Amino acid sequence: MMSDDPPVAASRVSPNAHTYEEMKTALHERIDKIEAGKATFHTNEEVFSSIRDRYGL
């Protein structure tokens, strides 16, 4: 998983709140970051730990 959004904003905004064009632009920006080596990646354990913490699982 790659994340470049602030944690607070990412947890409160649904992907469904964005238009197709906004999501397409965001995707292109993330791809550009990956290709430039500027992306931050998270392990599966970090992702699942975040989900467990957020939802109290």
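The expected span of a helix is 1.5 Å times one less than its number of residues. Helices here are DSSP runs of H or I with at least four residues, strands are runs of E with at least two, and both are numbered from the N terminus.

First, the ground rules. This is a predicted model, in which local features need pLDDT of at least 70 and side-chain atom pairs count only at pLDDT 80 or more, while totals for chains, interfaces and linings use all residues. Residues are numbered from 1 along each chain as its sequence is written, and side-chain values use heavy atoms, with hydrogens and water left out.

On confidence: pLDDT is the predictor's confidence in each residue, from 0 to 100. The chain has a mean of 82, and 75% of its residues reach 70 or more. Helix α1, residues 7-12, is lowest with a mean of 56, and α2 is highest at 93.

Now the layout. The chain has three helices and zero strands, in the order α-α-α from the N terminus. Helix α2, residues 20-36, has 17 residues and reaches 24 Å from first C-alpha to last, close to the expected 24 Å. Just after α2, glycine 37 has a positive phi of about 75°. Helix α3 has twelve residues and reaches 17 Å, close to the 16 Å expected. Just after α3, glycine 56 also takes a positive phi, of about 65°.

What share of the 57 residues is buried? Buried residues (under 20% relative accessible area; exposed is over 50%, partly exposed in between, with a 1.4 Å probe and protein chains only) make up 4%. By the Shrake-Rupley method with a 1.4 Å probe, where for residues only the protein chains shown count as cover, the chain exposes about 5000 Å², and carbon and sulfur atoms supply 57% of that.

Last, one contact. The structure holds one salt bridge, meaning a side-chain nitrogen of Lys or Arg within 4 Å of a carboxyl oxygen of Asp or Glu. Arginine 52 pairs with glutamate 45, and their closest N and O atoms are 2.5 Å apart. Arginine 52 counts as partly exposed because its relative accessibility is 33%. Tyrosine 55 lies in α3, residues 44-55, and counts as exposed because its relative accessible area is 55%.
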